[in-house]
Amino acid sequence: MVDESHDINMADDDESLAHSSSSTHFVVYRRRWYMLASVCILNISNAMTWISFSPIADQTATYYDTSLMAVNWLSLVYLVASIPFGLVSQFLLDTLGLRAGLTLGATLNFLGSILRLMSTFDFVTKEYKFTVTMMGQSLAACAQPFLLFAPTKLAAQWFKDSQRATANMVASMSNPLGILVANVLSPLIVNKAVSTDFLNMQISYLVPAGVAFGMALGITRSVPWTPPSSSAQDPSEPFISGMKKIIKLKNYWVLAISFGIGLGLFTAFSTLLEQILCPWGYDDDFAGLCGALMIVGGVIGAALAGLYVDKTKKFEEVAKICMCFAALSGIAFTFVLKVKDAGPAIITTLTLFGTFGFAIFPVCMELAIESTYPVAEATAAGFLIIFGQVFGIAFILAMQVTAIDISSDQSVCKKTPQDYWISDLIGIGSAALGACFLTSLYKCEYKRLKSERNVEAEKILNFSQSRESFPESFITT
(Lines give C-alpha, C1' and ligand atoms only; values in the text may rest on other atoms or scores of the structure.)
Protein backbone atom coordinates (compact mmCIF):
# COMPACT_ATOMS: atom_id res chain seq x y z
CA MET A 1 0.00 0.00 0.00
CA VAL A 2 1.18 3.54 -0.77
CA ASP A 3 1.31 5.99 2.15
CA GLU A 4 -1.05 8.75 1.03
CA SER A 5 0.43 11.38 3.36
CA HIS A 6 3.86 10.53 1.94
CA ASP A 7 2.46 11.04 -1.58
CA ILE A 8 1.16 14.48 -0.67
CA ASN A 9 4.57 15.56 0.62
CA MET A 10 6.64 14.12 -2.22
CA ALA A 11 4.37 14.49 -5.26
CA ASP A 12 3.83 17.55 -7.42
CA ASP A 13 0.40 18.67 -6.19
CA ASP A 14 -0.51 20.22 -9.51
CA GLU A 15 0.67 17.20 -11.47
CA SER A 16 -0.68 14.31 -9.41
CA LEU A 17 -2.54 12.10 -11.79
CA ALA A 18 -5.53 10.08 -10.70
CA HIS A 19 -6.76 8.82 -14.04
CA SER A 20 -7.86 5.57 -12.62
CA SER A 21 -10.32 3.94 -10.43
CA SER A 22 -10.18 4.80 -6.76
CA SER A 23 -7.59 2.09 -6.07
CA THR A 24 -4.98 3.21 -8.58
CA HIS A 25 -3.13 6.52 -8.64
CA PHE A 26 -0.51 7.75 -11.12
CA VAL A 27 1.75 10.29 -9.45
CA VAL A 28 4.88 12.21 -10.49
CA TYR A 29 7.37 13.34 -7.83
CA ARG A 30 9.66 16.34 -7.54
CA ARG A 31 12.54 13.92 -6.97
CA ARG A 32 12.41 13.05 -10.69
CA TRP A 33 14.19 16.35 -11.43
CA TYR A 34 17.09 15.38 -9.16
CA MET A 35 17.23 12.01 -10.90
CA LEU A 36 17.27 13.75 -14.29
CA ALA A 37 19.97 16.21 -13.18
CA SER A 38 22.13 13.34 -11.88
CA VAL A 39 21.90 11.41 -15.15
CA CYS A 40 22.71 14.59 -17.10
CA ILE A 41 25.81 15.48 -15.05
CA LEU A 42 27.04 11.89 -15.22
CA ASN A 43 26.69 11.78 -19.00
CA ILE A 44 28.29 15.21 -19.45
CA SER A 45 31.31 14.19 -17.37
CA ASN A 46 31.71 10.83 -19.10
CA ALA A 47 31.45 12.38 -22.58
CA MET A 48 34.02 15.05 -21.67
CA THR A 49 36.41 12.29 -20.65
CA TRP A 50 35.69 10.33 -23.81
CA ILE A 51 36.43 12.99 -26.38
CA SER A 52 38.91 15.17 -24.44
CA PHE A 53 41.98 14.14 -26.48
CA SER A 54 40.42 14.26 -29.97
CA PRO A 55 40.49 18.08 -30.44
CA ILE A 56 44.17 18.10 -29.42
CA ALA A 57 45.27 14.87 -31.11
CA ASP A 58 48.57 16.29 -32.36
CA GLN A 59 49.63 17.69 -28.96
CA THR A 60 48.55 14.46 -27.26
CA ALA A 61 50.65 12.35 -29.64
CA THR A 62 53.64 14.62 -29.01
CA TYR A 63 53.21 14.73 -25.22
CA TYR A 64 52.89 10.95 -24.86
CA ASP A 65 55.44 10.30 -27.63
CA THR A 66 53.06 8.04 -29.52
CA SER A 67 51.24 7.84 -32.84
CA LEU A 68 47.94 9.41 -33.89
CA MET A 69 46.55 5.89 -34.23
CA ALA A 70 47.32 5.27 -30.55
CA VAL A 71 45.71 8.60 -29.62
CA ASN A 72 42.56 7.63 -31.54
CA TRP A 73 42.38 4.48 -29.40
CA LEU A 74 41.76 6.74 -26.39
CA SER A 75 38.35 7.33 -28.00
CA LEU A 76 37.98 3.92 -29.62
CA VAL A 77 38.31 2.15 -26.27
CA TYR A 78 34.90 3.61 -25.35
CA LEU A 79 33.33 1.94 -28.35
CA VAL A 80 35.06 -1.39 -27.77
CA ALA A 81 34.19 -1.48 -24.06
CA SER A 82 30.55 -0.63 -24.73
CA ILE A 83 29.90 -3.95 -26.45
CA PRO A 84 30.58 -6.41 -23.57
CA PHE A 85 29.77 -3.88 -20.85
CA GLY A 86 26.68 -2.83 -22.77
CA LEU A 87 25.20 -6.29 -22.19
CA VAL A 88 26.23 -6.18 -18.52
CA SER A 89 24.69 -2.74 -18.02
CA GLN A 90 21.45 -3.79 -19.74
CA PHE A 91 21.13 -6.70 -17.33
CA LEU A 92 22.00 -4.67 -14.22
CA LEU A 93 19.77 -1.70 -15.07
CA ASP A 94 16.79 -3.89 -15.89
CA THR A 95 17.36 -6.34 -13.02
CA LEU A 96 18.77 -4.28 -10.13
CA GLY A 97 17.43 -0.90 -11.25
CA LEU A 98 18.62 2.63 -11.96
CA ARG A 99 20.22 3.23 -8.58
CA ALA A 100 22.65 0.30 -8.83
CA GLY A 101 23.52 0.99 -12.47
CA LEU A 102 24.12 4.72 -12.01
CA THR A 103 26.15 4.25 -8.82
CA LEU A 104 28.42 1.72 -10.52
CA GLY A 105 28.78 3.90 -13.61
CA ALA A 106 29.59 6.99 -11.52
CA THR A 107 32.22 5.08 -9.54
CA LEU A 108 33.99 3.77 -12.66
CA ASN A 109 33.87 7.21 -14.26
CA PHE A 110 35.37 8.90 -11.17
CA LEU A 111 38.13 6.31 -10.74
CA GLY A 112 39.02 6.63 -14.43
CA SER A 113 39.36 10.40 -14.11
CA ILE A 114 41.65 9.99 -11.09
CA LEU A 115 43.93 7.63 -13.03
CA ARG A 116 44.05 10.07 -15.95
CA LEU A 117 45.14 12.82 -13.58
CA MET A 118 47.81 10.58 -12.02
CA SER A 119 49.37 10.05 -15.45
CA THR A 120 50.50 13.69 -15.44
CA PHE A 121 52.36 13.42 -12.11
CA ASP A 122 56.15 13.29 -12.09
CA PHE A 123 56.32 9.92 -10.27
CA VAL A 124 54.86 8.30 -13.40
CA THR A 125 57.76 7.98 -15.82
CA LYS A 126 57.31 9.08 -19.42
CA GLU A 127 57.27 5.53 -20.78
CA TYR A 128 54.24 4.65 -18.60
CA LYS A 129 52.25 7.89 -18.87
CA PHE A 130 50.24 6.77 -21.90
CA THR A 131 49.58 3.35 -20.35
CA VAL A 132 48.19 4.91 -17.15
CA THR A 133 46.08 7.30 -19.22
CA MET A 134 44.70 4.40 -21.24
CA MET A 135 43.87 2.53 -18.02
CA GLY A 136 41.90 5.52 -16.75
CA GLN A 137 40.21 5.98 -20.11
CA SER A 138 39.26 2.29 -20.12
CA LEU A 139 37.63 2.52 -16.69
CA ALA A 140 35.59 5.53 -17.81
CA ALA A 141 34.73 3.65 -21.00
CA CYS A 142 33.28 0.77 -18.97
CA ALA A 143 31.05 3.32 -17.20
CA GLN A 144 29.55 4.73 -20.39
CA PRO A 145 26.88 2.05 -21.09
CA PHE A 146 25.45 2.38 -17.57
CA LEU A 147 25.00 6.10 -18.18
CA LEU A 148 23.92 6.09 -21.84
CA PHE A 149 21.28 3.40 -21.31
CA ALA A 150 19.70 5.15 -18.31
CA PRO A 151 17.69 8.01 -19.96
CA THR A 152 14.92 5.86 -21.49
CA LYS A 153 14.47 3.92 -18.25
CA LEU A 154 14.45 7.11 -16.20
CA ALA A 155 11.87 8.73 -18.50
CA ALA A 156 9.62 5.66 -18.49
CA GLN A 157 9.71 5.06 -14.73
CA TRP A 158 9.66 8.62 -13.34
CA PHE A 159 7.86 10.85 -15.91
CA LYS A 160 4.28 10.92 -17.15
CA ASP A 161 3.59 10.12 -20.79
CA SER A 162 3.41 13.79 -21.87
CA GLN A 163 6.92 14.41 -20.48
CA ARG A 164 8.72 11.19 -21.43
CA ALA A 165 10.16 12.24 -24.77
CA THR A 166 11.30 15.60 -23.38
CA ALA A 167 12.94 13.98 -20.34
CA ASN A 168 14.61 11.43 -22.58
CA MET A 169 15.80 14.22 -24.87
CA VAL A 170 17.29 16.25 -22.01
CA ALA A 171 19.11 13.25 -20.54
CA SER A 172 20.28 11.93 -23.91
CA MET A 173 21.54 15.31 -25.12
CA SER A 174 23.74 15.67 -22.03
CA ASN A 175 26.20 13.28 -23.68
CA PRO A 176 26.77 15.46 -26.77
CA LEU A 177 26.79 18.50 -24.49
CA GLY A 178 29.79 16.95 -22.74
CA ILE A 179 31.41 16.44 -26.14
CA LEU A 180 30.75 20.12 -26.87
CA VAL A 181 32.46 21.20 -23.64
CA ALA A 182 35.49 19.01 -24.39
CA ASN A 183 35.77 20.33 -27.95
CA VAL A 184 35.96 23.88 -26.61
CA LEU A 185 37.83 23.28 -23.36
CA SER A 186 40.68 21.02 -24.46
CA PRO A 187 42.11 23.41 -27.13
CA LEU A 188 41.74 26.33 -24.71
CA ILE A 189 43.72 24.60 -21.94
CA VAL A 190 46.31 22.67 -23.95
CA ASN A 191 48.35 25.09 -26.06
CA LYS A 192 51.58 23.12 -25.97
CA ALA A 193 52.53 19.49 -25.40
CA VAL A 194 53.78 20.15 -21.85
CA SER A 195 52.93 18.56 -18.48
CA THR A 196 51.44 21.74 -16.99
CA ASP A 197 48.81 22.04 -19.73
CA PHE A 198 47.82 18.36 -19.53
CA LEU A 199 47.70 18.52 -15.72
CA ASN A 200 45.31 21.49 -15.86
CA MET A 201 43.16 19.70 -18.42
CA GLN A 202 42.87 16.53 -16.33
CA ILE A 203 41.94 18.54 -13.22
CA SER A 204 39.26 20.34 -15.23
CA TYR A 205 37.72 16.99 -16.18
CA LEU A 206 38.11 15.43 -12.72
CA VAL A 207 35.94 18.08 -11.03
CA PRO A 208 32.66 17.26 -12.87
CA ALA A 209 33.39 13.54 -12.45
CA GLY A 210 33.62 14.10 -8.67
CA VAL A 211 30.40 16.16 -8.62
CA ALA A 212 28.61 13.46 -10.64
CA PHE A 213 29.84 10.76 -8.27
CA GLY A 214 28.49 12.70 -5.28
CA MET A 215 25.12 13.19 -6.98
CA ALA A 216 24.89 9.48 -7.79
CA LEU A 217 25.37 8.65 -4.11
CA GLY A 218 22.33 10.84 -3.41
CA ILE A 219 20.06 8.58 -5.49
CA THR A 220 18.07 6.56 -2.96
CA ARG A 221 15.51 4.79 -5.15
CA SER A 222 15.37 3.14 -8.57
CA VAL A 223 11.62 3.66 -9.01
CA PRO A 224 9.14 6.14 -7.49
CA TRP A 225 6.72 5.21 -4.73
CA THR A 226 3.83 5.31 -7.22
CA PRO A 227 4.09 4.83 -11.02
CA PRO A 228 3.59 7.88 -13.25
CA SER A 229 1.66 6.01 -15.97
CA SER A 230 -0.09 2.73 -16.71
CA SER A 231 2.87 1.41 -18.72
CA ALA A 232 5.24 2.16 -15.82
CA GLN A 233 3.21 -0.04 -13.47
CA ASP A 234 3.20 -2.99 -15.88
CA PRO A 235 6.01 -5.52 -15.31
CA SER A 236 8.73 -5.59 -17.98
CA GLU A 237 9.96 -8.71 -19.70
CA PRO A 238 12.83 -10.45 -17.87
CA PHE A 239 16.22 -9.74 -19.47
CA ILE A 240 16.68 -13.06 -21.29
CA SER A 241 13.11 -13.35 -22.54
CA GLY A 242 13.25 -9.69 -23.60
CA MET A 243 16.36 -10.39 -25.69
CA LYS A 244 14.65 -13.39 -27.30
CA LYS A 245 11.65 -11.24 -28.14
CA ILE A 246 13.79 -8.49 -29.68
CA ILE A 247 15.64 -10.97 -31.90
CA LYS A 248 12.34 -11.83 -33.61
CA LEU A 249 11.31 -8.23 -34.31
CA LYS A 250 12.44 -7.35 -37.85
CA ASN A 251 11.17 -3.79 -37.49
CA TYR A 252 13.44 -3.23 -34.50
CA TRP A 253 16.54 -4.36 -36.40
CA VAL A 254 15.77 -1.96 -39.25
CA LEU A 255 15.70 0.83 -36.67
CA ALA A 256 18.86 -0.46 -34.92
CA ILE A 257 20.92 -0.67 -38.10
CA SER A 258 19.81 2.74 -39.42
CA PHE A 259 20.34 4.45 -36.08
CA GLY A 260 23.65 2.64 -35.57
CA ILE A 261 25.01 3.96 -38.86
CA GLY A 262 24.07 7.52 -37.92
CA LEU A 263 25.51 7.35 -34.42
CA GLY A 264 28.65 5.60 -35.66
CA LEU A 265 29.28 8.29 -38.27
CA PHE A 266 28.89 11.08 -35.72
CA THR A 267 31.33 9.27 -33.40
CA ALA A 268 33.84 8.96 -36.24
CA PHE A 269 33.54 12.66 -37.12
CA SER A 270 33.91 13.67 -33.45
CA THR A 271 37.03 11.55 -33.11
CA LEU A 272 38.74 12.43 -36.41
CA LEU A 273 37.49 15.96 -37.17
CA GLU A 274 40.76 17.68 -36.26
CA GLN A 275 42.69 15.24 -38.48
CA ILE A 276 40.18 15.64 -41.33
CA LEU A 277 40.41 19.45 -41.34
CA CYS A 278 44.08 20.22 -40.59
CA PRO A 279 45.47 19.22 -44.05
CA TRP A 280 43.38 22.01 -45.60
CA GLY A 281 44.60 24.82 -43.33
CA TYR A 282 42.03 24.59 -40.51
CA ASP A 283 43.67 24.54 -37.08
CA ASP A 284 42.63 22.98 -33.75
CA ASP A 285 40.59 26.04 -32.76
CA PHE A 286 38.56 25.86 -35.97
CA ALA A 287 38.04 22.11 -35.53
CA GLY A 288 36.90 22.71 -31.94
CA LEU A 289 34.51 25.42 -33.13
CA CYS A 290 33.05 23.10 -35.78
CA GLY A 291 32.59 20.33 -33.25
CA ALA A 292 30.99 22.75 -30.81
CA LEU A 293 28.55 24.21 -33.36
CA MET A 294 27.68 20.71 -34.59
CA ILE A 295 26.59 19.86 -31.06
CA VAL A 296 24.89 23.21 -30.35
CA GLY A 297 22.81 22.68 -33.47
CA GLY A 298 22.14 19.12 -32.35
CA VAL A 299 20.94 20.14 -28.90
CA ILE A 300 18.59 22.70 -30.45
CA GLY A 301 17.34 20.17 -32.99
CA ALA A 302 16.82 17.50 -30.33
CA ALA A 303 14.99 19.97 -28.05
CA LEU A 304 12.60 20.98 -30.82
CA ALA A 305 12.08 17.37 -31.89
CA GLY A 306 11.51 16.21 -28.30
CA LEU A 307 8.90 18.89 -27.59
CA TYR A 308 7.17 18.22 -30.92
CA VAL A 309 6.90 14.45 -30.54
CA ASP A 310 5.75 14.78 -26.91
CA LYS A 311 2.73 16.70 -28.19
CA THR A 312 2.07 14.91 -31.50
CA LYS A 313 3.55 11.42 -30.92
CA LYS A 314 4.84 11.48 -34.53
CA PHE A 315 8.10 9.74 -33.63
CA GLU A 316 8.45 7.80 -36.87
CA GLU A 317 7.91 10.76 -39.18
CA VAL A 318 10.40 12.96 -37.30
CA ALA A 319 13.06 10.21 -37.28
CA LYS A 320 12.78 9.61 -41.03
CA ILE A 321 12.87 13.31 -42.00
CA CYS A 322 15.82 14.10 -39.73
CA MET A 323 17.80 11.06 -40.90
CA CYS A 324 17.45 12.12 -44.54
CA PHE A 325 18.47 15.73 -43.91
CA ALA A 326 21.43 14.62 -41.78
CA ALA A 327 22.68 12.46 -44.65
CA LEU A 328 22.29 15.34 -47.13
CA SER A 329 24.20 17.69 -44.81
CA GLY A 330 27.01 15.16 -44.51
CA ILE A 331 27.22 14.85 -48.28
CA ALA A 332 27.45 18.63 -48.59
CA PHE A 333 30.29 18.74 -46.02
CA THR A 334 32.29 16.16 -47.96
CA PHE A 335 32.12 18.17 -51.16
CA VAL A 336 32.98 21.58 -49.65
CA LEU A 337 35.89 20.19 -47.60
CA LYS A 338 38.49 20.65 -50.34
CA VAL A 339 37.20 23.99 -51.57
CA LYS A 340 39.68 26.75 -50.77
CA ASP A 341 38.66 29.19 -48.00
CA ALA A 342 35.41 27.32 -47.44
CA GLY A 343 35.38 27.79 -43.67
CA PRO A 344 31.82 29.25 -43.47
CA ALA A 345 30.47 26.47 -45.69
CA ILE A 346 32.17 23.80 -43.57
CA ILE A 347 30.73 25.31 -40.40
CA THR A 348 27.24 25.51 -41.92
CA THR A 349 27.18 21.94 -43.22
CA LEU A 350 28.53 20.46 -39.99
CA THR A 351 26.05 22.49 -37.91
CA LEU A 352 23.18 21.18 -40.05
CA PHE A 353 24.58 17.66 -39.79
CA GLY A 354 24.51 17.96 -36.01
CA THR A 355 21.08 19.62 -35.92
CA PHE A 356 19.33 16.84 -37.82
CA GLY A 357 21.60 14.01 -36.72
CA PHE A 358 21.19 14.63 -32.99
CA ALA A 359 17.45 15.16 -33.29
CA ILE A 360 16.99 11.48 -34.10
CA PHE A 361 18.82 10.28 -30.96
CA PRO A 362 16.07 10.70 -28.32
CA VAL A 363 13.35 10.06 -30.91
CA CYS A 364 14.86 6.72 -31.91
CA MET A 365 15.28 5.78 -28.24
CA GLU A 366 11.53 6.27 -27.78
CA LEU A 367 10.81 4.36 -31.00
CA ALA A 368 12.85 1.45 -29.67
CA ILE A 369 10.63 1.31 -26.56
CA GLU A 370 7.46 1.64 -28.62
CA SER A 371 8.55 -1.12 -31.02
CA THR A 372 9.46 -3.65 -28.32
CA TYR A 373 7.08 -2.94 -25.39
CA PRO A 374 6.90 -4.56 -22.81
CA VAL A 375 10.62 -5.35 -23.16
CA ALA A 376 12.59 -3.48 -20.47
CA GLU A 377 13.77 0.00 -21.48
CA ALA A 378 17.53 -0.48 -21.01
CA THR A 379 17.44 -3.64 -23.13
CA ALA A 380 15.49 -2.07 -25.99
CA ALA A 381 17.44 1.22 -26.10
CA GLY A 382 20.76 -0.39 -25.22
CA PHE A 383 21.03 -2.46 -28.37
CA LEU A 384 20.57 0.68 -30.49
CA ILE A 385 23.53 2.31 -28.76
CA ILE A 386 25.62 -0.87 -28.99
CA PHE A 387 24.96 -0.92 -32.75
CA GLY A 388 26.08 2.70 -32.89
CA GLN A 389 29.32 1.85 -31.11
CA VAL A 390 29.99 -1.10 -33.41
CA PHE A 391 29.48 1.09 -36.48
CA GLY A 392 31.62 3.78 -34.83
CA ILE A 393 34.53 1.34 -34.51
CA ALA A 394 34.06 0.23 -38.12
CA PHE A 395 33.92 3.80 -39.46
CA ILE A 396 36.94 5.04 -37.49
CA LEU A 397 39.11 2.09 -38.49
CA ALA A 398 37.93 2.18 -42.12
CA MET A 399 38.48 5.93 -42.39
CA GLN A 400 41.98 5.65 -40.96
CA VAL A 401 42.89 2.79 -43.29
CA THR A 402 41.59 4.61 -46.38
CA ALA A 403 43.16 7.99 -45.46
CA ILE A 404 46.04 8.86 -47.80
CA ASP A 405 49.31 10.57 -46.78
CA ILE A 406 49.70 13.81 -48.72
CA SER A 407 51.95 16.85 -48.97
CA SER A 408 49.91 20.03 -48.64
CA ASP A 409 51.09 23.63 -48.54
CA GLN A 410 47.92 24.52 -46.61
CA SER A 411 48.49 21.90 -43.91
CA VAL A 412 48.65 22.93 -40.25
CA CYS A 413 48.96 19.33 -39.05
CA LYS A 414 51.76 18.64 -36.59
CA LYS A 415 52.04 15.09 -37.93
CA THR A 416 52.02 13.89 -41.56
CA PRO A 417 48.79 15.26 -43.14
CA GLN A 418 46.29 12.75 -44.50
CA ASP A 419 43.51 13.18 -47.04
CA TYR A 420 40.23 11.80 -45.60
CA TRP A 421 38.07 12.66 -48.61
CA ILE A 422 37.60 9.04 -49.75
CA SER A 423 37.07 8.06 -46.11
CA ASP A 424 34.33 10.69 -45.79
CA LEU A 425 32.62 9.37 -48.91
CA ILE A 426 32.50 5.89 -47.37
CA GLY A 427 30.91 7.22 -44.18
CA ILE A 428 28.44 9.55 -45.84
CA GLY A 429 27.49 6.91 -48.44
CA SER A 430 26.69 4.54 -45.57
CA ALA A 431 24.57 7.23 -43.90
CA ALA A 432 22.61 7.75 -47.14
CA LEU A 433 21.96 4.00 -47.35
CA GLY A 434 20.86 4.01 -43.70
CA ALA A 435 18.41 6.83 -44.40
CA CYS A 436 16.95 4.92 -47.35
CA PHE A 437 16.76 1.76 -45.23
CA LEU A 438 14.85 3.56 -42.46
CA THR A 439 12.42 5.48 -44.66
CA SER A 440 11.49 2.55 -46.88
CA LEU A 441 11.40 -0.40 -44.45
CA TYR A 442 10.60 0.85 -40.94
CA LYS A 443 7.05 1.05 -39.61
CA CYS A 444 6.44 1.54 -35.87
CA GLU A 445 3.51 -0.21 -34.17
CA TYR A 446 3.51 2.09 -31.10
CA LYS A 447 2.86 -0.78 -28.70
CA ARG A 448 3.33 1.21 -25.49
CA LEU A 449 1.06 4.06 -26.59
CA LYS A 450 -1.63 1.60 -27.68
CA SER A 451 -1.42 -0.17 -24.33
CA GLU A 452 -1.83 3.11 -22.44
CA ARG A 453 -4.76 4.17 -24.62
CA ASN A 454 -6.44 0.80 -24.08
CA VAL A 455 -6.06 1.24 -20.31
CA GLU A 456 -7.58 4.73 -20.50
CA ALA A 457 -10.45 3.46 -22.65
CA GLU A 458 -11.11 0.64 -20.22
CA LYS A 459 -11.21 3.09 -17.30
CA ILE A 460 -13.72 5.31 -19.10
CA LEU A 461 -15.85 2.27 -19.93
CA ASN A 462 -15.74 1.03 -16.34
CA PHE A 463 -16.69 4.46 -15.06
CA SER A 464 -19.64 4.65 -17.46
CA GLN A 465 -20.85 1.22 -16.46
CA SER A 466 -20.53 1.99 -12.74
CA ARG A 467 -22.45 5.25 -13.24
CA GLU A 468 -25.24 3.41 -15.03
CA SER A 469 -25.50 1.00 -12.09
CA PHE A 470 -26.37 3.87 -9.65
CA PRO A 471 -30.06 4.46 -8.94
CA GLU A 472 -31.47 7.26 -11.10
CA SER A 473 -32.66 9.15 -8.03
CA PHE A 474 -29.11 9.13 -6.63
CA ILE A 475 -27.64 10.56 -9.87
CA THR A 476 -30.24 13.34 -10.21
CA THR A 477 -29.85 14.26 -6.59
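The side chains of aspartate 419 and lysine 338 meet in a salt bridge, with N and O 2.9 Å apart; the term means a side-chain nitrogen of Lys or Arg within 4 Å of a carboxyl oxygen of Asp or Glu. This pair links distant parts of the chain, 81 residues apart: aspartate 419 sits in strand E2 (residues 418-419), and lysine 338 in the loop between H14 and helix H15 (343-372). Helices (H or I, at least four residues) and strands (E, at least two) are DSSP runs, numbered from the N terminus.

Before going on, a word about the model. It is a predicted one, in which local features need pLDDT of at least 70 and side-chain atom pairs count only at pLDDT 80 or more, while totals for chains, interfaces and linings use all residues. Residues are numbered from 1 along each chain as its sequence is written, and side-chain values use heavy atoms, leaving out hydrogens and water.

**Salt bridges**

The structure holds six salt bridges. Glutamate 366 forms one of them with arginine 448, the closest N and O atoms being 2.7 Å apart. Glutamate 366 lies in helix H15 and arginine 448 in helix H18 (residues 447-469), so this pair ties together parts that are 82 residues apart in sequence. Salt bridges that share partners also join Asp94, Lys153 and Glu377 into one network.

Lysine 320 and glutamate 316 meet in a salt bridge too, at 2.8 Å from N to O. Both of these residues lie in helix H14, four residues apart, which is about one turn of the helix.

How covered are the residues in these pairs? The table lists them, where buried means under 20% relative accessible area, exposed over 50%, and partly exposed in between (1.4 Å probe, protein chains only).

| Residue | Relative accessible area | Class |
|---|---|---|
| Lysine 320 | 16% | buried |
| Glutamate 316 | 8% | buried |
| Aspartate 419 | 12% | buried |
| Lysine 338 | 41% | partly exposed |
| Glutamate 366 | 2% | buried |
| Arginine 448 | 2% | buried |

Ile321, Phe325, Leu328, Ile331, Phe335, Ile404, Ile422, Leu425 and Ile426 make a nonpolar surface patch of about 780 Å². Patches are made of residues with over 30% relative accessible area and no salt bridge; like charges are joined within 9 Å, and nonpolar side chains (Val, Leu, Ile, Met, Phe, Trp, Tyr) within 5 Å. The areas come from the Shrake-Rupley method with a 1.4 Å probe, and for residues only the protein chains shown count as cover.

Helix H14 (315-336) and helix H17 (421-441) each supply at least two residues of the patch, and the largest share, five residues, comes from H14. Isoleucine 331 is placed in helix H14 and is partly exposed, with a relative accessible area of 31%.

**Inside the structure**

Serine 75 lies in helix H4 (residues 68-95) and counts as buried at 2% relative accessibility. Leaving aside neighbours within four places in sequence, serine 75 is in contact (heavy atoms within 4.5 Å) with Trp50, Ile51, Ser54 and Thr271.

The largest cavity has a volume of about 190 Å³. On a 1 Å grid over the protein atoms alone, a cavity is a set of points where a 1.4 Å probe fits but cannot get out, and lining residues have an atom within 4 Å of a point. Grid points are joined across faces, edges and corners, and a volume is the space filled by probe spheres set on the points. The lining of the largest cavity has 15 residues, and Gly262, Leu263, Phe266, Gly357 and Ile360 lie nearest its centre. Helix H12 (250-277), H14 and H15 are the elements that give two or more residues to this lining. H15 provides the largest share, six residues.

Terms used:
1 Å grid on protein atoms, 1.4 Å probe; cavity = no way out; pocket = protein on both sides within 12 Å on 5 of 7 lines; lining within 4 Å.
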